[in-house]
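Me: I'm new to this structure and would like a close look at just one part of it. Please take me through it step by step, in plain words.

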Amino acid sequence: MIPLPGESVVAMSGEGDAIAERLGARWMVGRSERKLIRAAQGGSETAMEELFRLHWPRAQRAAFLVVHDRAAAEDIAQEAFLAALRALERFDRRRPFGPWLHRIVVNRAIDHARSRKLRREVDPGEELADERAAPADSAGLSGELVAALRRLAPEHRAVIVLRYLLDFTPGEIAEALEMPRGTVNSRLRRGLDRLSLVLEEER
Amino acid sequence: MSEQRLRELLGADITAAEREAEERGWAVVKAAYAERAAAPRPRSQRALVLALAGAALLLALLFSPAGAQVREWIGDVVQPGEENAARSLTALPAPGRVLVTSEHGPWIVDEDGSKRALGPYDEAAWSPNGRFVAVSRNRELVAVVADSATVGEPVGDIRWSYGARAAVRDIAWSPSGVRVAFHSGSDLRLIRGDGIDPRVLAREVAPVRPAWRPLTAAERATVDPATGIATGAKNVLAYVGADQAVHLLDVDSGEELWRSARLPDGVRALTWSPDGHSLLVLGAGFYSLYRADGQLELKGAVPGAYAAAFSPMGEWVSVIGAEETANGARSVVWLVDPDGAARNRRLYAGPGRFADPTWSPDGSTLLVPWPAADQWLFLDPAEPGKANAVTGISRKFDPGGRGPAVFPHVSGWCCTP
């Protein structure tokens, strides 16, 4: 499984229900992240690399799941990290770094997906190329899942990705995507239903 | 499909291709980080972040005809710094007082070069007429006397203080004198110029210093000479919200006058033209120019540009950008004519990074701090390529210090009439 930041801490903590573990992990990650950010602000490349390694896998995966293009996802994740780097000096260490970074990633991914859709509307050739490329590239994920996600609009995919890959709460998703919380909840429900339906159809 | 199953599917093991992408990503980020770390950064400097990975200054392309006509002094510079820099700051080359924030706190530099420390504070900002300076010390916002002649109290005396819930930074005193905006944690907060009536203006705002709209000519006419307060002025503030859009707020009525479309991430600075007719938004690789009524006038790409400031009379916008050369990165100062491209000029260039430029109140001099050279450059807009430099700046604001001194941040040159 792709590691959740702080997962090793959870593993060490032993007993406890899943919610408590996640909260504990978040707290520990927050504390260690603050140290890393402070060190990175002070010029420690080691700390910067640790921050990068901590968040890159999910950033890249999240971008891919929204844009369905591995090269674009890599670019989006890189740009997000460069944006984070530019803001590093001014970054308020009390704010969690991961959610802030992932919010940038997902919003950029949505923008990218929208702009590609726009291009397809003016250039049908792009759509054909896009469709041809799609089935081959699932980036190690279940091909069926990727295909099922592909049938959702980018904004719907983003909600799913934020919730089930990046562990945002519905409230955090609402804030990140600037939409009412009720919309987030309904999109999550509908998204799950549609994924179930599509995956069932594929079988 | 259960939520648990979906989590498992989305969190499938990382593939070899993803690992390779991670290594490529790290190479890019590492290079950008190394470039950023190369320039010394004062601890308290909250202003613009300098590093831009691999970016070239598009301005050089846009405005190269003017640049081509000036003497090619850049290639001669190998080590950062002007060779014939003065060792002492015996006088400022233009009227006014410079506010400097060092690692040990802010200082006021008078026109004759004398300096006065204000105390152990983190950040500092002039009041509009230079009578006071708003300073911060962690969660505390403090107004201290900066001009004993007009206030009648010693410089550095505390006039009022306010304890916020989170660290105070990005202080901006309104041109009318009656409001002070600042960030506290992620909130944008406001307090009256006499230190009372604090309130939250917005939450979860972007870490970009808010910018007050300058006074109009009619509003300037309402300034009370005895107090320096513009009694008939509106207090209008631009800030970048959590939605990554610029908001313009009449803080007295609470009315939001306009809100821009969402901007790309990385907005660095908001700068008003002196007449208050235009608001320049400078971001990471882009700029947008808005009219005071919110209409977008211009926008474009400026890769490498990281600082911009209108001259006090509005005839120039100084723009600083990074440029890649065979010998490494260097910074370039451009003067851009906001009315058209005809008079744009390349004013100065040197290796390393320049810090935020500051105009003298009369617009005759541009002060460009040069951390890598430990120098201040005083540039004359009429003389491209020429600089009056003063060296040893760090130690001047850390007298008696034993270890390496941190290069200080210039917080303003007071005060435009």
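Reply: Happy to. One thing before we start: this is a predicted model.

Let's begin with the hairpins around strand β10 of chain B. Strand β9(B), residues 179–184, pairs with β10(B) in the antiparallel sense, and 6 bridges hold the pair together. To find your place along this pair, look for His183(B), which sits opposite Leu188(B) in β10(B). There are 2 residues between the two strands of this hairpin, and Gly185(B) takes a positive phi near 60 degrees there.

Now follow the chain onward. β10(B) also runs antiparallel to β11(B), this time joined by 3 bridges. Leu188(B) turns up again here, with Ala202(B) as its bridge partner in β11(B). So which residues does Leu188(B) stand opposite or bridge to? His183(B) stands opposite Leu188(B), and Ala202(B) is the bridge partner of Leu188(B) in β11(B).

Is Asp197(B) buried or exposed? Asp197(B) has 10 C-beta neighbours inside 10 Å, so it counts as exposed.

The one with the order β20-β21-β22-β23 in chain B has 4 strands, with antiparallel pairing. At its edges stand β20 (305–310) and β23 (345–351) of chain B; each has a single partner strand, so one side of each is left without a neighbour in the sheet. Ignoring direction, neighbouring strands of this sheet are turned by 20 degrees against each other on average. Zoom in on β20(B) and you'll find it paired antiparallel with β21(B), residues 317–325, over 5 bridges.

Strand β26(B), residues 375–379, is joined to β27(B) by 5 bridges, and the two run antiparallel. Within that pair, Leu377(B) stands opposite Ala389(B) of β27(B).

The peptide bond from Cys414(B) to Cys415(B) is cis, with omega near -10 degrees. You'll find Cys415(B) in the segment after β28 (409–414) of chain B.

What about the inside? In soluble globular proteins, nonpolar side chains tend to be buried together. The largest nonpolar core here has 98 residues, and those with the most contacts inside it are Val133(B), Ala134(B), Ile171(B), Val333(B) and Val368(B). Strand β22(B), residues 328–336, supplies the largest share of this core, with 6 residues. Take Ala134(B) as an example: beyond its neighbours within four places in sequence, its contacts include Ala125(B), Leu141(B), Ile171(B), Trp173(B) and Val180(B). Apart from that core lies another, of 54 residues, with Ala73(A), Ala80(A), Leu10(B) and Ala32(B) among them.

That brings us to where the chains meet. How many residues of chain B are in contact with chain A? The count is 37, and they touch 39 residues of chain A. On chain B's side, α1 (3–10) and α2 (16–38) each supply at least two residues, and α2(B) gives the most, with 14 residues. By type, chain B's side splits into 19 nonpolar, 6 polar and 12 charged residues.

Last, a glance at chain A. In helix α7(A), residues 143–150, Leu145(A), Ala148(A) and Leu149(A) are buried. Seen down the axis of α7(A), the buried residues fall within an arc of 100 degrees, so they line one face of the helix. Then there's Asp167(A), in the loop between α8 (154–164) and α9 (170–177) of chain A. Its phi is positive, about 65 degrees, although it is not a glycine. With 19 C-beta neighbours inside 10 Å, Asp167(A) counts as partly exposed.

Note on methods:
Residues are numbered from 1 along each chain as its sequence is written. Chains are lettered from A and ligands numbered from 1 in the order in which they are written. This is a predicted model: local features need pLDDT of at least 70, side-chain atom pairs count only at pLDDT 80 or more; totals for chains, interfaces and linings use all residues. Two residues are in contact if their C-beta atoms, placed from the backbone, lie within 7 Å. Ala, Val, Leu, Ile, Met, Phe, Trp, Tyr, Cys and Pro count as nonpolar, Asp, Glu, Lys and Arg as charged, and the others, Gly among them, as polar. A nonpolar core is a set of buried Ala, Val, Leu, Ile, Met, Phe, Trp, Tyr and Cys residues joined through C-beta atoms within 7 Å. A residue is buried if 20 or more other C-beta atoms lie within 10 Å of its own, exposed if 12 or fewer, and partly exposed in between; C-beta atoms are placed from the backbone. The arc is that of the directions from the helix axis to the C-beta atoms. Two strands pair if DSSP finds at least two bridges between them. Axes are lines fitted to C-alpha atoms, for helices over the stretch in contact, and angles run from 0 to 180 degrees between N-to-C directions.
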